[in-house]
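Open the model in your viewer and keep the selection tool at hand. We will go stop by stop, and each stop tells you what to pick.

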Amino acid sequence: MRYLKLRYEDRDRLFEALRKYGEIYGPVKISKKTYDFRKVSRFDDMDLNYVRTISPPKKFVYPPHEVMFEIDREKGKVSIPEEDMGPIVLFGLHHCDIEGLKRLDSVFMGYPADFYYSRRRKHLFIVGYDCKPDEFCACNVTHTSFSTDGFDIFLHPLPDGWLVRVLSERGQALADEIGMEDASTDDFKAFERYQEERRQGFKWDMDAYVLRGVLEMHRHSDVWEELSEECLACGNCNTTCPTCRCYEVRDIPSIDGVHAIQERVWDSCQFEHHALVAGGHNFRPTVADRMKNRYNCKISPAYGTNLSYCVGCGRCTAFCPAGINFWENLQKLSEVSKHAK
Amino acid sequence: MPNNNPLQPKKAVIKKVFKVTPTEKMFVISFVDPKDQEEFERNYTRPARFVQVNLPGIGEVPISLCSPPTQKGFFALTIRRVGRVTTVIHNLNEGDYVWIRGPYGNGFPIDEWKGRDLLFLSAGLGMAPLRSVFLYALDNRWDYGNITLINSARTKRDLLYYEELEAIARTYKGDGVKVIQTVTREEVEGVCKGRCHLYIPQANVDPKNSVVIMCGPPRMYQSIFDEVIARGFDPDYIYATFERRMRCGIGKCGHCNVGSSDSMLYVCKDGPVFSYRQVQRYPELME
Ligand SMILES: Cc1cc2nc3c(=O)[nH]c(=O)nc-3n(C[C@H](O)[C@H](O)[C@H](O)COP(=O)(O)OP(=O)(O)OC[C@H]3O[C@@H](n4cnc5c(N)ncnc54)[C@H](O)[C@@H]3O)c2cc1C
Ligand code: SF4
Ligand code: SF4
Ligand code: FES
């Protein structure tokens, strides 16, 4: 990887050069306390000091709603809708969101690769951006606090610009085009200071790998009843999670009786129907069962890897209408097991 | 249109419909395009995999293959009418079209069983996937030792493939194949009375060199595990199939997930067939 430097005054040149990699989306303040990835036309449109966006970047590659097939019963034809997305630059993704996309890749691009996800994914150019944690962040717990792959270039704030880690071939070409200089020893020192401040900022002292054992010990415990008492089963924690990916399939006929579509829409494991089968049997009938399943699923290893699905972004806690704190609950579970006889 | 979309359903035609019980029908189906049929046959090598059956604009359901991989040119599904989609399927006739994708799931590791005796234990609709394994074993009779199949249901009318199994038992009499059919809710002529595990002692298999293959409601599994292990059957050769809600069949949609923080799996992709050893590792399968 090359470590280069982008001067503050050169930021617009970077932005302009990025245009050829697609439409640029970056973090924008959309209300007093909320940020989201939106289309931007200038570097300064972005609020790069954001902590987290309300919706994770998964929507770009895995939209909340996607028509998979259009069926013509008379002609006996099943066709796939044309591609509706062009190249996109995602500017300003934090480590957690880059790691989140990697988790989704492991599922959707693992054999057999998902057709729709794959065709969107190849359009992404990813610009990472470093961050300082708030009280809901816990990427230290999930081992996702520093991405070393999964992006094209990654920007780390310096007093007078950015240290840029240039990873992909496209990133190299981009760096050459702008003519970025090598980072100096002082730049590295400033980078190290920033990392030190980041490390100091983490509030939660746990380890996701150890939590696997903790959750295992609570497989049959009553504590889930207590933890889920206030849960509304609204599914917000799934919608805002960068690695939640369950979908429901809908077959919808058109009024003419000839055409039909099959589409998929984001689903939530917190909804009652998620594990319901014919005959009325529900494998996870209670809110407590479903909360337990979500915690286990998030801390469990992503498909074919040893990496936890949870990337520590804190969204499920920050945006829970019932104020349920994922980390606090995991800590409670650890305490209970410490004192268990 | 050829593409690399694993979710693409293929057009298939219903060749024949048999009424198997008052609530179950068997559909014999083949793909309209011979290339699709060939591809299906290339991928269907282990019995009891499943397919997704799609009715455009209505819905899609997972259904086990009840025909063995040794039967070519068609495949068969036995479908119970329980809800929205299965009711519409029940109204279809010969010549009607359905859309199929698959086969999915792992199926039974039947090649690992060569030289062993086979004991099949089925309850209710469980006989549908087991039929494909049983017929496969008969088609490769020389690969396996003695075979006993115990088919159970509530009443005689509910016994899947009653006549077919009786006919097989007559054909293979004296060739080490035994069929026991039993019902739990009535006493009638021609069938035994009681649950399937009551008849394990009558099986013509040698516990130490057997494979136990079961399919039925999961609540019957624990008592059968306990019973066969107590009778000296090899715990490394016990298999059961499991069911969950399924939407994609290929490990993407998340509905069939089972497990805990250090062992999450997808029943559609990692199963639906699991060994007793896997059930020990993933106890959530039994919950
Ligand atoms: C691996 C596997 C193999 C199966 N094999 C057979 C078989 O050989 N024969 C047979 O009759 N049935 C089988 N089933 C069960 C069958 O899929 C359900 O009975 C069917 O989905 C019910 O659909 P419905 O629309 O008629 O019922 P509804 O109750 O109206 O269901 C509505 C929707 O819920 C979902 N759903 C409900 N029950 C199930 C379920 N058990 N599994 C997955 N999704 C479900 C379906 O998407 C369905 O469209 C199998 C299920 C699985 C998972
Ligand atoms: S967001 Fe909060 S209230 Fe809603 S389902 Fe998740 S934990 Fe429950
Ligand atoms: S589980 Fe919560 S903290 Fe972890 S990645 Fe999902 S939203 Fe972020
Ligand atoms: S059915 Fe979709 S993951 Fe198993």
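Select Pro112(A). This residue sits in the loop between α3 (95–108) and α4 of chain A. Now show the backbone from Tyr111(A) to Pro112(A): that peptide bond is cis, with omega near -10°. Keep in mind that you are looking at a predicted model.

Jump to Pro103(B). Here you are in strand β6 of chain B. The peptide bond that leads from Gly102(B) to Pro103(B) is cis too, and its omega is near 5°.

Next, pick Ala48(B). Look for it in the loop between α1 and β3 (50–55) of chain B. Ala48(B) is not a glycine, yet its phi is positive, about 70°.

**The domains of chain A**

Colour residues 2–62 + 84–200 of chain A as domain 1, and 208–247 + 270–339 as domain 2. How far apart do the C-alpha centres of these two domains lie? The answer is 28 Å. Domain 1 of chain A brings 26 residues to the contact, and domain 2 of chain A brings 30.

The two domains of chain A bury about 2200 Å² between them, with carbon and sulfur atoms giving 63% of that area.

**The domains of chain B**

Do the colouring again in chain B. Domain 1 is 10–104, and domain 2 is 110–241. Their centres, taken over C-alpha atoms, are separated by 24 Å. On the domain 1 side of chain B, 20 residues take part in the contact; on the domain 2 side, 17 do.

The buried area between the two domains of chain B is about 1400 Å², 65% of it on carbon and sulfur atoms. Select Pro47(B), Cys66(B) and Thr70(B). These supply 27% of the area that domain 1 of chain B buries against domain 2, more than any other three residues.

**Where the chains meet**

Zoom out and give each chain its own colour. How many residues of chain A are in contact with chain B? There are 52, and they touch 40 residues of chain B. About 3700 Å² is buried between chain A and chain B, and carbon and sulfur atoms give 53% of this.

To find its centre, select Asn5(B), Pro6(B), Gln8(B), Lys10(B) and Glu39(B), the closest to it of the 40 lining residues. Both chains supply elements with two or more lining residues: β5 (77–79) and α4 (115–121) from chain A, and β1 (10–19), α1 (34–43), β6 (97–104) and α6 (267–270) from chain B. Which element gives the most? It is β6(B), with 6 residues. By class, the lining has 18 nonpolar, 10 polar and 12 charged residues.

Go to ligand 2. Among the residues around it are Cys231(A), Cys234(A), Cys237(A) and Cys320(A). The shell around ligand 2 has 9 nonpolar and 3 polar residues, and no charged ones.

Move on to ligand 3. Its surroundings include Cys241(A), Cys310(A), Cys313(A) and Cys316(A), along with Lys298(A) and Arg315(A). α11 (315–318) and α12 (326–339) of chain A each give at least two residues to this shell. The shell around ligand 3 counts 8 nonpolar, 2 polar and 2 charged residues.

**Last stop: the largest cavity**

The structure holds 7 cavities of 30 Å³ or more. The largest cavity has about 180 Å³ of space. Select Asn238(A), Cys244(A), Arg245(A), Cys246(A) and Cys269(A): of the 18 lining residues, these are the closest to the centre. Then show α9 (236–239) and α10 (287–299) of chain A, which each supply at least two lining residues. α10(A) has the largest share, 4 residues. In all, the lining of the largest cavity has 6 nonpolar, 7 polar and 5 charged residues.

Key. Residues numbered from 1 in each chain as written. Chains lettered and ligands numbered in written order. Predicted model: local features only at pLDDT ≥ 70, side-chain atom pairs only at ≥ 80, totals over all residues. Heavy atoms only, no water. 1 Å grid on protein atoms, 1.4 Å probe; cavity = no way out; pocket = protein on both sides within 12 Å on 5 of 7 lines; lining within 4 Å. Nonpolar A, V, L, I, M, F, W, Y, C, P; charged D, E, K, R; others polar. Near = heavy atom within 4 Å. Domains from an automatic or database assignment. Contact = heavy atoms within 4.5 Å. Buried area = accessible area lost by both parts, 1.4 Å probe. Points joined across faces, edges and corners; volume = space filled by probe spheres on them.
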